[in-house]
Structures are given as structure tokens and as C-alpha cells.
Amino acid sequence: MSNGMDPAGLLGIAQQSAGGREYWRSLEELAGTEAFKDLIGNHLPRHAAAFTSAMDRREFLTLMGASLALAGISGCLSPAPAPPDEKIVPYVNQPEALVPGKPLYFATAIPVEGYGRGVLVESHMGRPTKVEGNPQHPASLGATDAVTQASVLELYDPDRSRVITNAGRVATWDAFFSALNVELESQRVTQGAGLRILTETVTSPTLAAQLQEILRIFPKAKWHQFDGGGGDYAHQGARMAFGQPFETLYRLEEADVIVSLDADFLLRSPASLRYAREFINRRRIPGGSDEANRLYMIESTFSLTGSNADHRLAIAPSAIPQLARTLAARVGVQISAEQPAISPAQEKWLGALVKDLQAHRGRSAIMPGEYQPAIVHALAHAMNDALGNIGKTVFYTDPVAVNPTNHAESFRELVRDLEENAAQVLIILGGNPAYTAPAELDFAGHLVTSNFNVHLSLYEDETSAVCHWHIPQAHYLESWSDVRAYDGTVTIMQPLIAPLYGGRTAHEILAAVAGQAERASYEIVHDYWRGQNKAKNFDAAWRTALHDGFIAGSALSPRNVKAKPATSFETSEPKRASTGAATKNPPSLEVIYRPDPSIIDGRFANNGWLQELPKPLTKLTWDNAVLMSPATATRLGLTYRVGGTGGEHGTIYADVVELEYDGRRTRGPAWIVAGHADDCVTIHLGYGRRRAGRVGTNLGFNANILRTLDTLWHGASIAVRKTGAQYALACTQFHHLMEGRDLVRAGTIEQYRKNPKFLIERESEKEAPGTLYPGYKYDGYAWGMSIDVNACIGCNACVAACHAENNGPVVGKQEVLRGREMHWIRIDRYHRGEPSNPETYHQPVPCMQCENAPCELVCPVGATTHSQDGLNDMVYNRCVGTRYCSNNCPYKVRRFNFFLYSDFKTESLKPLRNPDVTVRSRGVMEKCTYCVQRINQAKIAAEKEDRVVRDGEIEPACQQACPTRAIIFGNINDPQSRVTQLKTQPLSYGLLTELNTRPRTTYQAKLRNPNPEIENG
Amino acid sequence: MAQIFHPSTNTISRVTIFGGLILLIVVVTGLATINESPYITEVGVARTQPVPFSHKHHVGDDGIDCRYCHTSVEESSFAGIPPTKTCMNCHTQIWPDSPMLEPVRESFRTGKSIQWTRVHNLPGFVYFNHSIHVHKGIGCATCHGRVDRMPLMWRENTLYMDWCLDCHRAPERFVRPREYVFSMEYQAPADQLALGQKLVKQYRIQKLTSCSTCHR
Amino acid sequence: MAKLPIYGLMAEFDSPEALLEAARRAFAAGFRKIDAYSPFPVDGLAEAIGFHHTRVPLIVLIGGIIGCLGGFYLQYWVAVIDYPINIGGRPFNSWPSFIPVTFELTILIASLFAFFGVLALNRLPMPYHPVFNVERFQLASRNRFFLCIEAVDRNFEPERTRRFLDEIGSLGTYEVES
Amino acid sequence: MASKPSDPGGDTLPLLEPGHTFGSITDKISSIVLTGRTPLFWYITFGVGFILVLVLLFCITALVAVGVGLFGVMIPVAWGFAIVNFVWWIGIGHAGTLISAILLLLRQKWRQSINRFAEAMTLFAVACAGIFPLIHLGRPWFFYWLFPYPSTMGVQPQFRSPLVWDVFAVSTYFTVSLLFWFLGLIPDLATLRDRATRRMPRFIYGMLAMGWRGSAIHWHRYEMAYLLLAGLATPLVVSVHTVVSFDFAVALVPGWHSTIFPPYFVAGAIYSGFAMVLTIAIPLRRLYGLEDFITLRHLKNMAIVMLATGMIVAYGYLMETFMAWYSGDLFEKYMMMNRMFGPYGWMYWILILFNILIPQALWIRRLQTKPWVLFLIAIAVNIGMWLERYVIVVVSLHRDFMPSAWGMYSGTVFDYGVLVGTIGLFVALLFLFIRLLPMISIFEMRELVHEEEGRSQ
């Protein structure tokens, strides 16, 4: 299902969205309910009181599942035909491109922290229901990440703000515009000396142009940038090394040796999807590449990338710059400062690494972490230069971000201006500085000094609460805009639906500031590009751009650069906050702040799907914690207790610690992470929100209370005190040992080279389990799946995609605590080796679709049976809920609706539902279906063309989302199909095959590529 | 002791025993019958509509093809309910101001949809696809009956699962040549079975009785 | 038959042995339409009054066979004929899995036949019966034993029969009016 | 107590204290029912039971209204208290059928004074058990889908599933027990009819007695049918718990998938059943002064049966452990270790104590005739057997094949509510039965008197 959209239809959509109304009506007509119309009209937002009791929260969370009336509310509720007088509501004028009952796909891009990722959005009768990657887009390659998948839920979130407010009272756009004008008049006199605009990282050319325009009108006005996630050390580092804030790009497919200095490039990078693909492509054994790459990770916290490294060195954050310097010196960078001695263990490690690097000059890459101080970036550039990697594996382009600045400094300046009352008019476009900014600045407090400020955002959040004006922001799926990808490729973002809550875009606000209140963003963006367009036929170009999802050739071209001598910068120490003297009692540790893997800096805090997504390494949901190494925990006398309910698959009681930094305090549960560096703790941001919405408010604790601008990501000497209290954390997998069962089979490439079958010569395989029964013949299709454990990086994209595709409900923390989460595919995380530095394995586990399915045998009503294609069907409407099947499932992949988890009430969520999947009701079992709805659609399509389904024509949601193509689905009766090929490879094995379940889902074993020098000896 | 019971109790007690049995049977069969009756299945019950649209007139008398209104029947799961625009194509000329058609014109003026009462309605957990059935040679009339004889639409078949299975188990009993799919007058030939088996082969019709064929 | 003035004559005894003896003698004396009543089953009593074989076992056997065959066929029909569907790769006719239900149904139907069979054979329920007319008969369910010669008997002749009953040791002889 | 047994525990203990006649027995037993006034303790016990029944009703209503999630069940432990209680109650039921049917076939005279309320106990226990499979369903209102019936869906039950076997086994078991019990009641109902003085009881008992008049020919057929029913009930009772054990043995969960389950479940059932009979009989004989009929001989025999079945159960535990080791199967081995030393280990050891160690006291002959000792042991066994089922159901599930899916289970207030609720229901029903029907089979006691006389002469 690639971008199956023709320009004509696209144009149709474009026109409608420009005018908006028709589009909208089609949606309204479809839902056809009074409540839904209300929702659309300008009504006061229903400010739900914060839920006190946990039960209430769960009750509400059922709201966050989703389904449309058409998708069958009657679902499992009644076995009888639906009520006699159901209405059927046709269009008045049917849009050209639209065939009732068939989805359309439109190309656009999702901006994450300023950078764009190309996506294709599935739209059912005008309702965007699912976001997929855009295969042609360089930053996506057809893949998506969890955040992208969940962004569609954000679109329909009933908690999004719905009205313009002035001091909490409902106001109108005109009122705002006139109020704004009054202020701007006075500013004109002073050439805008008092005008301030605060944005996050900006890559949008149109927005940039608008900003320039405003700065032209108001020469003395200032544009500040502050990004909850950013910090922008990368550009500074480049400035240090090259004198210019270049963007750094990597071509990992060319790299044999990758050294990551705390760069979590598989998860936290605008190019993470591409990097993941390139990184893994070099590790598919047996695959194209003969030599596999090797990843050395030097980091403090345990990152997703770290868990995929061949070698990890966990050291305190303060030690990283020093180690970088040492490494630089070893690889031949001019370093004047003398090198302090390092521990023999590190010596050995470093020695081997350096040897490896020297052996792969020009085929290696040093990647500095986004959150490392500029010096580390600079040193990395110098090393890449010294190793001759520049131009081969490492490239530099002009900055993608418009006017890259040090966000910390920029924000500090803004706050100073507020203090000095120099900033009278403040326009905040997106972001949530009142929450994300370090508490020390008391941004919210200073806001009052300005006499006019406005906040544009999706939610009425902490910042909106303290601003004079709040304007609902249009979701990216509702907006005309444009955005650049990591490599500068421009995507023109087009709306899939008219703003549900009358939201506005940043373009419209800036237009208003520039004095054009009524310019719709469509005009603004369209006109900007018309202006840019040199070619004759602009409309054709415009249409192609919209259709393809990006402007071909708009990527920035690499610059050939030369690094300055390192001696010019290597001594410059990163500024560290002068903190209270490091005390021993209570022990004081270094602290590491990182965006949360799921909700980033809190911008997705109200997104139930993301909150319930088990965080890649800790498998925690609904909370953040103080992560620390086992040794550190012992030193602090911190422990945990496995809960009696839920237990390892639900409840862990963790010791609560009190954290103190510069006299500011907060408390949070301590979580022990194998492989974390000693004597430092990691805290994830994004929690402790006070005004996130009904889902995200009052979850976890707020780390921004402790942060300072100087220690945005790393701080010295934080005091950690044990409080004696314990706190229940919802953890979906606490048991991380395999207990001697070969669930994940792993070895090294060396072993594989010696004997490719070395992993499957086991007792379990030796004698094939016999059976009295004659086998069942599957002529025709036989669907199967192969999952490459070697390729899985554990990023959760498949889990989120599955949830989105299959109308998965959100059950809430209370239910997760009981072990009742509803994910159809889970990623099992296992550790091996010593806790200080373990090997980590990520294993996605969907339904195995066993041919001898144990679950089917025990179902008394035949609610789960086998299909002609060998699928293990689950018939929700026949299920009576004995749960026997789940007991008898060795893989425990079945999920049960213990309560009415799906939401049948909230109108705004109904359009989100995938109409091709039944919304499960209370008391029925459910499980992975291999996305049977997609299978059936493909089969029907094929039948209508009198052909068979082509290999790769069907992609289950998990496969489609996977950045590394770790999941391959297909027809195992077809010897040519990719899945069959994979299953015949020596690394292919089945899970628990000794039980003679004959799973259709099989795995490819994990192969590590360790450096012999470090591994043995 | 004196008799406790009058002689008649002997008869009474036996009658009650057998009577009870018979009553049970009556009740069970009764319920079964009701469940199959139009009262529940709505078979043959003409439904009132906001506009008394007559398929009999449009299909039978005017001979309009099904696909003129139900446009997506060949490409989509959903046959499609005609937008008001489709009605107005003709009714701007024909009966442009008949009071009966006022709701249609109103809808066209105001842009508010006509809310038709759904006649053929499956439970939400059943996924039926028109296009594939049409493609495999199942006539409209096979399920919807002689629409050209229905002044107001009614349900011709129960739409119960066992009814679906009837055909899915033995399609040869119902398939017809593709060219007749949209014909109302088509009569199954005397040798339907022979023809059916031929078509089943020709159209590669499978006997799909897997659960996931319809339930997902 | 013609309505008789009385149902029969009933003699009372105080021990099972006495009743058994009396029953034997009555039978020997050629009485056939006789019945003996006791508060608990007395061995040989039925035989003594000429009742030898019962059809209860046969009825139960028939019930068992019906249950067994019907039970298995029900499952076979469901799994193989009506809606054959692949369950966990098992054959349609997985007869070993059908044994338990077959067995249970065998027992069930057989038991039902036994219970209702015996009621039917005993012509129960019959809340009204002439013998209840005898005042003393309520002791038949306590500690007294009765022998009743019915008027329909060929040899029944009120006076002689009464004398006969007194001879065989009746503690009291009563008329049972119908 | 009247008797002075020379050698305690010897077979010289009488089945019936001397000096009883047909009449005395009849009057003694029927008076309990026919007497106008009800003893205070009856009101108290019944009252408590009734309150617990209300608790049960509340819990069931909540479960149906809100969802089965009110129970503690989760993934991986999708079966909890409900199934534990089900197996426990069914097991208890078994003693009744065993006493009335098997002992009848074995011509054991000592059954006669206890079989009636043992059978009643069976019925009530099965009734309690029957509640659980129903309320633990996710959608109880569709329970009838487990029965074959002509449906418009054209779909029928899946007869390969042990749960369907359960449905048939349990319903058959209940029906047969009911028939057997009622057949046995008919002659006694006739007695009550004749003894009753007031009009209403006479009418009701009369109707139920169906005009039974003790005719020799009726007795003849009656005994035949009774014998045949016993013959049918005997394999049935064995099959029922066998089928229940299949629920587990057929599944592939380590700790469930075991061939020893059927015999070991049946033995366990009889074990717990006899424990329950003692738990009921010992207080009742005292309260109603029935020491003459339910004599020490009965208690002793039941104690011996308990000892015997207890040893079989012990053998079952032993074999499970042995096979876990002998099979060399990784999962089996882990399951056993986890059962003994895992998070639920304490339960295992308590059940070993209650089911195996404590009952060893029964080897001591003197204790076999000490009612209160027997009572305490019986209680211990009841608890122990409940724990055994908990260990089998929950502890096997909570850590099976995939360590990633391991979890912990604990009952919620609703789990406990339903458990005590059914206990209340059981008590309430039992006391209603005691109040309204003869708790000892009168006509069989008369037979006994007759035989005793025969022996004494």
C-alpha cells in the first residue's frame, strides 16, 4: 500500500481543505451524530477535574481507545442484527477521488522537534486513521517510530484545547487580532524593541521567511529559540571545529566501525529511522554485506543504541569529554593537554578500539551525542577528520535549522529581558516553556512583567495557563505548512482534515503579527513556494511535491570542510554549574537528564498510547524513575519489592528517593538498570505535568524542577536520599533472564562463519516431535512470518503501529499494574552476562499462529479456529471469555478484555478507529491476527484481477512500521517468497518448537560482532 | 388414616407430568419460530423512508442500472448510497417541484444529508464485501431479492449466519454468469448445478468457511 | 370390571417374618390378586406373592444404548458433517476427544430411564389408593406389616377370606373399601 | 455416649446403639422434621449462611455488571479462585455419591445412617461448584453457547475442549445425584406423610411421596432400580473428577500436563469429601443427639477411608515431584522448584502439612474414635485440599514457558466474597434440608434394626 493517490484526487483534497467546510461536513455526515456536531462547534472545552481515584482514571482511559459507529459498536455487545432503525447517511456531494469504503493515502510530514519525517496518512471517508512511513522520503524510508504512530491519537484527543481564551475567558480571533494590533502599534514606534518571538527549532522555510519579514518590519524585535528537547550543542560543536554551525550527517552503510560518544542515534535523532536501517543493513548475516559493522558505545545511561552495541563502556558523564580527548589523542588528533592515566580495564578497551579504528580509516564514524557538550562534538569532528572519514562516512551540510543558536543562551536572554521589563510583547509559538524550562529561571513568574503575551499550543498547558492569550494550535494533520528533514529535504505538509477544534497554525499567527489577520496558511505556504519557484509550471510542481510528500532535490548538498587544529578548542571546558560542594552523606551523584523515550519532553504526555508503551529498556509504563546501576543502588541501600498482584508482569514497588540539587527538591522512585554507569543517576523528562490533560496530568515527577540552564543534560553532585517510602511502578516485564531456555538464540559472527548451523543443533531440534495425527494440508496460501532478532533494535514502533492499526485500547496504570495491558505484539527484553555490563536482546513476540494451536483445542465454543490459510483466527463475537486459550498459550500472547476497555462513548475518538477491525467489547479474548484485515483486502484485490497475491503485497502493521525491516511476512507455500527464503536459512529457529506447536512465526538468531581482543582475555 | 387425596389427584398428577413435558416442547419451538419470524428478522417488512423512494419505479419501470446509484459496488466493500447530487441529476428536470421530493431538494439546498433508514444491516463484527461477491458472479437479486418489485425496500433474507453459510458451503447453487449479475429478470436455469459447477471452476470460487473470512 | 363393594381385605402383622409366612400361605391357598405392604423391603416377599422378574434392567440398558450412540453421533455430526473446521490441526473426527461426552450421556440417559422407568412400572404417582382407607395402614410406613387380598381375586369370598386371614395369624383384619 | 466399647476402634463398635425398634427409630428421626419448634442453633447457623448468600449475590451482580476483571485474574494467570473453588466443591461432592453408591454396591451396612445427608451434601456442593464456571466467564450471558442447540449461527460447541466435557460431566452428575437422592427419599416421604399431623405437611409430603405404599412388588422394582442407579453413579463419580482433571491434564502448562492427574484428582476428591462429611456429621450428631445412629463406628470407618485416600494423594504429590525430576524436562523441573521454593512456596508446605502430615495421626487407633480430633483433622484437610487446587491452578500458571510473561496473582475482595458466599449457600441449603427432610434414611435404618435383631437372635 504505497502512496496510492493520484494528483487529481489530491488537488480535490487541496481545494477542499483550503475552504475547509465540505471536507469537514463529510466527516460530520459520516458520524452523523448530534454529539459529534457539538464537538465541532465552538463550545467551551470540558475541563475535566483531575481524577483522584485510580479507578476513575481507568474509567476515563477507556476513552482513549477508539472506534467509529461504522466499525461496529454493536461489535461484541449483541449477537443479534443491529438495532432496527440505524440511519445511513450519504454525502450530499461526493468528493471526486473518494470511493465509499475505500481508504485514500495522502503524503505529508510529521515535525518532531522541528525536523520533518515523510509520512503517508491513511484516510477513511475523510478521517485520518493511520500514519505510515513514506518509502521515498529520506528520513523515513517507509518506516515510522512510535511517536509518529501515536500522533494520530493526538489529533483526536478530546483534551486538546478548543477555543481561543483571553485570561481564561473564551475570546474570538478578531478580538485577539485587535488586541494584538494595539500592542503592535506601540511597538512600531520603538521599531519593535519590546517585541519578542519564542519558537522551538524552526526548519520551515515559510516560517523562516515570515520571521524575516517581521524582523524587517520590527528591526529591534528579537526571535528566541528554546526547544524542550534541544540544547543545540551539535551546531556549537561544529562552530568550534569548523567555524560554522554545520549539520552533521552520517552514511552508516559505509562505516565498518562506529564509535558512539553517547549518541543514541537509533532512537533520538531526526535521522534515527534512516540510521537504524543503514546500521542494521550492515549486520544482516547472511545478507548482502560480507563484513558486519561493529558498534562501540561510550555512554553513562543505558540507551537503546547502547543495548544494540557490540561493546559498551559505561562511565560517568563528566568522564566522557576527557575520554573523548584521550581517544582523539590516540587516533592522531593534535592534543596539547597531557592525558591523565586511565584504568587498565579502560586502557585495554580503548587500545582495542583505537586499533580497530586505525584499521578502518575512512570506513569508520565517530558519533557525538546530541546532549554532549560542544567540545565532545568538536573532538568527534576532529577525529573523523583525522581518520579520513569526512566525505566517506561523515558529511557536513549547511544547517537545516534556521539560524541555529544556543537555545540555553537565547532563552536566558529572553528571561533577562522579561526581568528588565524589556520584553513587552511576547509571542510563544508552540512549545511549553513554563514546564520544560528549568525551574530556576521561573519563566512563568517573569511572564507577568510583559504586558501582552500569547501562547499557541495544542493543549491548554502550563504555559497557556500563565499567558494572557491562548490560541488552539492546528495539529500537523490539520495544517498547511512545510518542514525540512535531517538532510534538508523539504516536505510541504498538507492537512488530512479541517481543524477539528478551529486550531490555527504558527503561519497564521505570524501573518497576523505582520498585519494580515485573515491569510489562511494554505495561501501563505502556497504563495511562499510560488515565490521560490523558478520553473514555468508551478501548479504541476506543487502537485507533484504534494503527491510525493517531498520536493525532489531539496536536500542540502554536502560541503567539503576542513577541521581547525584541535588545539584551538580542545582545552575549552564545558561550563558546569557551581553546585553545592559534593557531599558524601547523603551520597551525591552526577545526574543525567534525558527526554523520555516515549513522551519525549512531555509534549506527548496526554497520549495514552505512548504512556502505556513499555519503555524500551526499563519496560516501565505511565511513570518516570530515577535510573541507577545496581552498584549505586546497593551503595544507597535502595531495593525493590515484586508486588503480589501482577508481580513481574505488573507491579514493582520501588524505593522512593528524595533528590536535591541547589536546594531544589523532588522525590521519585529509584529503578535499577543493569549496565547503567555507577555513581550517577538518569532521570527522564516529560513527567510531573500539571496541566497535560486528563491522561497525562500528575504522572511521575518533574525533573525540570532540578535542572538549570547550565546543566540541561548533565549535572554534578545531586544529593540522593532514601525516604523509606515505596511506590508502585507499572512494569510489563521485570524478569529479564531466560532461565536457560533458548528463547533468544545468540552467538557471534565468528561462530557463525565456522559453522552456520551452530545455533540450531540443539536437543529440541534433533528429534522432530512426532504426532499420531495426520498433518493438515494447506494448499493455496499459507501465511507465515520471520522476525530477525538480529535486526530488532527494540524501538517499539511495531507495538505502537499494531495498536493503531487494530484499535487497541488503553487500559491505564492500574490495569497494567495487574498485568492486563493489551498490546498484541510485545518486545521481550532479556539480559545476559554480568549486571554491570550485560548483553541485551530485544525479541518481538506477536502471535505465533501455531499450526497445532493449543489455544484452539481448548476453546469450548470454537471462538478460535484455523483458517484455510493456516491463520489462527480469533472470533471476538463468538468468544464467551473462559480464558482457557490464554492459559494454554505457551507464548502468552493472548490479551483479554477484563473490563470494557474500548471506548464506546467519546465521539471525538470514534473517527480514529480503523473501520476494518472490530472494536472488542468487555469479556472477550483478543490477539495478533497477522492483520487479517489487510490480508483479506489484498486477497480480494488479487481475486478481482484474477491473480494471486504478490510477495510483499501484504505488510502487517508491525512490518510496515519497522525501521530495520526486522519483520517479514509472506506466503510460505511460495518457495520464492522472502519469508520462505528466510525460514530456510541456518539461523532460522522457532520458539518452543519442542511443544510441537509448529509456529508459523519463526525467528532469525542474533549475531554479535565483538572485537576478539576485548571479548576474550 | 383417612385418604389425604381425592381419587382425581391420580389423573391430575399424571396429566401435569406429561403436560409439563409438552409445554416445554411448545415453548422451545415457539421461541425458535419467533426468532426466525419477520418480527425479529424483518424479512419482507417494508421500511418507511424520509423520501418514499421506490426501487420498483426506478429499477422496474425506468430500468435504471443498480450501479447508477450504487456506484462503488464493483470496487468497494460498500455498495454506496447515492449522494443527493445523484437524485438531483434527474429531478431538476423530472418532477422538479413535486412535494414528495421536497426533502431531496432541501438536502441539496442546505447541504444536510438525507438520513435514510438502513434496511440491510449487518452486525458490526461482520465484514461483507460487495465487490468480490459481484465479481464472483453472485447476482444482486440473490441476496436482495427482486428489488424491481419493491415499492419500498425490504429485507429479502434473514442475513443470519447460517443463511450466509448456505451459499459459502455450496456456491454452485447460486452463482450466475457475470453478465447477469445486475439483471433482475435472470432466472436460474434448470441445470443450475451443472452451470454452477462450471462457473465455480471458471471464476475460481473457493468455499470460504473460515471465521476470518467475515469476522476480524 | 364391575364396581365391587369393597377393594379387598387387609390383614395386619407385626413382623416381616409373619408377613412373609402369611403371604406364602395365601399364595399357596390359590390367591393371586394379593399384595403385601412393609415399611422396608423384605427379601422374598415379592416372590412369595408370585412376582418374579422385573423389566427395569432392560429399560436401563436401552437408555444406556440410546445415550451412547446418540452422544457420539451428536459430536460426530457437529465436528465432521455440519461444520468441519480445522481445530489446532486435529482431524475432524478426533474420536478420542469425543469419549468423555459420549460416556456422560450414556450415564445420563440410562439414569433417567431407570428413575422414570421404575415410577412408570409402579404406576406412580398415585396419591390416592384404596388401601389408604384403612385407618391402621398408616403404620405400614412405621412398624406394621400388611397383607391385602383384593376383591377381584377369583377365589375371593368375603367371609371365607376373612376367616382364612385370621387363621394365618392376622393381628387384625380390615375391610378396604374402594 | 451410651456405649462402652471394650476395645476402642475394634469392629465390635455397633453400627446402631442397642434398644431400638422400627417404631422408635421412625419416630426419632421423623420427629426432627415434624416437630413444631426449631432449635435456636438452627436459626443462628442458617442466619449466618443466609447473610453470606447475600454477599454471594452482591458479588455476582457486580461481576456481571462491571466485568470479570473484578476478580484478580490477569495474564498469565487467567484462572484464579473461581476455578480453584470449582474443583474444590466438586471434589467435596464426591464423598456423598461414593458413600451412597459405592458402599451400597460393596454392601457396606455402615453407610446407611450417613448416606442421606452425604447425598444432600453432594447436591449442594455441586450446586455451589456449578456457580463458578458461569461467573468466571467474560460474558456469562452467553453460557448457553456451551450446549448444542439449533442456532441461527450454524455453529455448535467445540467438543474437543475439556470445558465442554465439564459441562456435560457436571450437569450429568448433578442430575443423577438428584434422581438417586430423591428415589431414596420416596419411602421416607411416605413415612412423613403418614406421621405428619398438620394438613399442609401431610399434603406436601404426600405429593412428594407420590402415593408410595410399600407394596412388595414396588419394593422389588425399587431396589433393582436403586441398585442400577448406584451401578451407574459409581463410574460417573469417578468420571466426573477425571474430566475435571482433564481441564488441566489436557493443557500443556507445566504442572498441569500430567498423566497421573485423573486418579490423583479422584482420590483427592474422595479425601476432601469425607473430610467434609465428618465436618458436618460430628457437630450434627451432637446437636440432634443422633449418637445412636451415627456411631463411633461410622466416624472410625470414615477416618480410615480418609487415611487411605490421603495416602493416595500423598503418592500423587510424590509422583509429580519424581516425574518432574525423572523427565529431565526443563520446564517441569523449574515448575517443581518454583512450586516448592518460589513466591508461593509457603502454600505448598502448608498443604503438605495439612494434607499429608497431620492426617497421619489417624494411624493411632485411639484417635480414630475421638470426634473432636477427627473434626480438627477434617477441617485441616478441607483447607489443605483447597490450597492444593490453588497450587495446581495458580502456581503452575504464574511461571510457565516464557519468563518475559511471568507474573503474580492474588485474589481480590470479590474472589474471597464469592468463596465465602458459596460456603454460606452450602450451609443454608444443608440446614434447610435438615429442617425439612429426614437427614437419615429411615427405611434403611429399619432394615438395619431388622438385621441387628436377626444377629442378636
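Let me start with the contact between chain D and chain A, which takes 60 residues from chain D and 63 residues from chain A, where contact means heavy atoms within 4.5 Å. Please keep in mind that this is a predicted model, in which local features need pLDDT of at least 70 and side-chain atom pairs count only at pLDDT 80 or more, while totals for chains, interfaces and linings use all residues. Residues are numbered from 1 along each chain as its sequence is written, chains are lettered from A and ligands numbered from 1 in the order in which they are written, and side-chain values use heavy atoms, with hydrogens and water left out.

Together, chain D and chain A bury about 4,900 Å², with 59% of that on carbon and sulfur atoms; buried area is the accessible area, taken with a 1.4 Å probe, that two parts lose on being put together, summed over both. On the side of chain D, the residues that lose the most area to chain A are Ile75(D), Arg139(D) and Met402(D), which together account for 16% of what that side buries.

What salt bridges does the rule find across this interface? There are two between chain D and chain A, a salt bridge being a side-chain nitrogen of Lys or Arg within 4 Å of a carboxyl oxygen of Asp or Glu. In a salt bridge at 3.4 Å, N to O, the side chain of Arg399(D) meets that of Glu648(A). The count of residue pairs in polar contact between chain D and chain A, both at pLDDT 80 or more, is 35; a polar contact is a pair of N or O atoms within 3.5 Å, where within protein one must be able to donate a hydrogen and the other to accept it, and residues adjacent in sequence count only if both atoms are side-chain atoms.

Which elements of chain D supply at least two residues each to the side that touches chain A? They are helix 2 (40-66), helix 5 (162-195), helix 7 (216-249) and helix 10 (330-341), and helix 2 of chain D gives the most, with four residues. Helices (H or I, at least four residues) and strands (E, at least two) are DSSP runs, numbered from the N terminus. By kind, the residues on this side of chain D divide into 43 nonpolar, twelve polar and five charged, where Ala, Val, Leu, Ile, Met, Phe, Trp, Tyr, Cys and Pro count as nonpolar, Asp, Glu, Lys and Arg as charged, and the others, Gly among them, as polar.

Now to chain D and chain B, where the contact takes eleven residues from chain D and twelve residues from chain B. The area buried between these two chains is about 850 Å², and carbon and sulfur atoms give 69% of it. Across this interface the rule finds zero salt bridges, and the count of residue pairs in polar contact, both at pLDDT 80 or more, is one. Helix 5 and helix 6 (199-209) of chain D are the elements that give two or more residues to the side of chain D that touches chain B, with helix 6 giving the most, four residues.

In chain A, buried residues make up 68% of the 1017 residues, and the secondary structure of chain A comes to 32 helices and 39 strands.

Finally, a few points about the backbone. The peptide bond from Ile75(D) to Pro76(D) is cis, with omega near 10°, and Pro76(D) is found in the loop between helix 2 and helix 3 of chain D. In chain C, the bond from Leu124(C) to Pro125(C) is cis as well, with omega near 0°, and Pro125(C) is found in the loop between helix 4 (95-121) and strand 3 (145-150). Arg123(C), also in the loop between helix 4 and strand 3 of chain C, has a positive phi of about 55° although it is not a glycine. Is Arg123(C) buried or exposed? Arg123(C) counts as exposed, because its relative accessibility is 52%.

Notes
Buried < 20%, exposed > 50% of the residue type's maximum accessible area, 1.4 Å probe, protein only.
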